[in-house]
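My notes follow the structure.

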Amino acid sequence: MISYAAFYHNSTMYHIKHFFIPSEKNNYRARTLHLDFLTALLGIAVLLSFFSSAQTKILGIATNITIDRLMEKTNEVRGSHNLRALKYDGTLAHAACNKAQDMYQSNYWAHYRPEDGKSPWDFMRESGYNYEIAGENLAHGFMFSDGVVDAWMDSPTHRDNLLKPEYEEVGFCVSNGVLQNEDTTLVVQMFGKPLAQAEPTTPDIAAEKTNLLAASDQASSPVTKSSFISLDKLTLNSSLIIFSLLLIVLVLDLYFAYKMGLVRITGKHFAHLVFLGIIILAILIIKNGAVL
Amino acid sequence: MVKKRSLTHKVEADVRHHLIEYLLLLSSGVIFLVFLSIFRGEHTRQFIVLTVFIAYYIIWGIIHHSRDQSLHLKIVLEYIIIGALAFVLLRSLLMA
């Protein structure tokens, strides 16, 4: 017959405890804070970083921001304000992609081209979209579709565009390229209400998306939908988990070391806590880009 | 009988003893976050700011323990590994 103490000492809980709480078994320091365990965490981080960067280099696409999700999220926020859902319009999407390519080629981050003041409305007209009312939202440097729409909702002018009741149609372009010497993913969102006489054909959404891809320039690559597993998302979540775990372990280790009256030669827990807290805040800032 | 000080008091005493050093660490962290926000969407600049902050943290750790007369190779490695962990993960997020 096995005693409770023996059972406890052989149980998983007993082993897990040593990763969090200092005791004789872990040399009076939570196992997670031992140099070998921290080095193993660093190894995992290096592997994640390597595969994430390989995915970007090999596939050459932004796997996280997709037109489908942007469309869905835009209509979600409009729906939550009792506004009608916008229809995807291929002509607007084409204008948005022309605008994105122009921004890459002329290297500017603005609604109007600096050299000659070419406006978003010019791109719409050139693509054959005649509007009664129109608008444009821009974003770059974001990791996720939801973050883009959330950032637009946080900015009063972009929010006005997203929630304008007059708009009926929307077009998106998500395009990778080099803007101001930096690899980035540019998101162009164009809204419009077409002129009544200017809608002889209602293009099929799927067909328009195919045309959009076929017409893409080599300087940038539009992204509609990705079927790849997003390693960026995995890296982001893993980072948050690792740093949160270290925070918890540091607090537990500090508390139990105090309770046990331990005197140890270690780094300063308070300094590590401050550093890790700042790094977690930094991750939350980094995942969002800029809107215009 | 000597009354045992609470954990909060113990940490507070350490912070008070090295007040300027901790203030330097905290303020540099705040400055780091402000710069990250200013350079929103500019990943190269954010990466430079990140590198500077992590290097500062490691140097801070070494100087702090040296002044505290508790500097040990294991401690230096601890700061370096925690800093490297932050560097590798944030770099992969910025350079993706």
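**Ground rules.** I worked from a predicted model, where local features need pLDDT of at least 70, side-chain atom pairs count only at pLDDT 80 or more, and totals for chains, interfaces and linings use all residues. Residues are numbered from 1 along each chain as its sequence is written, chains are lettered from A and ligands numbered from 1 in the order written, and side-chain values use heavy atoms, without hydrogens and water.

**Chain A.** I found eleven helices and six strands in chain A. Both are DSSP runs numbered from the N terminus: helices are H or I with at least four residues, strands E with at least two. Of its 292 residues, 51% count as buried. Buried means under 20% relative accessible area with a 1.4 Å probe, protein chains only. I also checked contacts, meaning heavy atoms within 4.5 Å. Among those in chain A between residues at least 6 apart in sequence, 74% join residues at least 24 apart.

**Strand β2(A).** I looked at residues 131-140 next. Seven of the ten residues of β2(A) are buried. Strands pair if DSSP finds at least two bridges between them. β2(A) pairs antiparallel with β4(A), residues 182-194, over nine bridges. There, Asn137(A) has Gln189(A) as its bridge partner. β2(A) also runs antiparallel to β6(A), residues 290-291, with two bridges. Ala139(A) stands opposite Val291(A).

**Cores.** A nonpolar core is a set of buried Ala, Val, Leu, Ile, Met, Phe, Trp, Tyr and Cys residues joined through side-chain atoms within 4.5 Å. The largest has 52 residues, and Phe243(A), Phe275(A) and Phe32(B) are among those with the most contacts inside it. α11(A) gives the most to this core, with twelve residues. Where does Ala139(A) belong? I found Ala139(A) in a second, separate core of 24 residues, which also includes Met71(A). Back at Phe243(A), I left aside neighbours within four places in sequence; its contacts include Ile279(A), Leu85(B) and Leu90(B).

How values were computed: Buried < 20%, exposed > 50% of the residue type's maximum accessible area, 1.4 Å probe, protein only.
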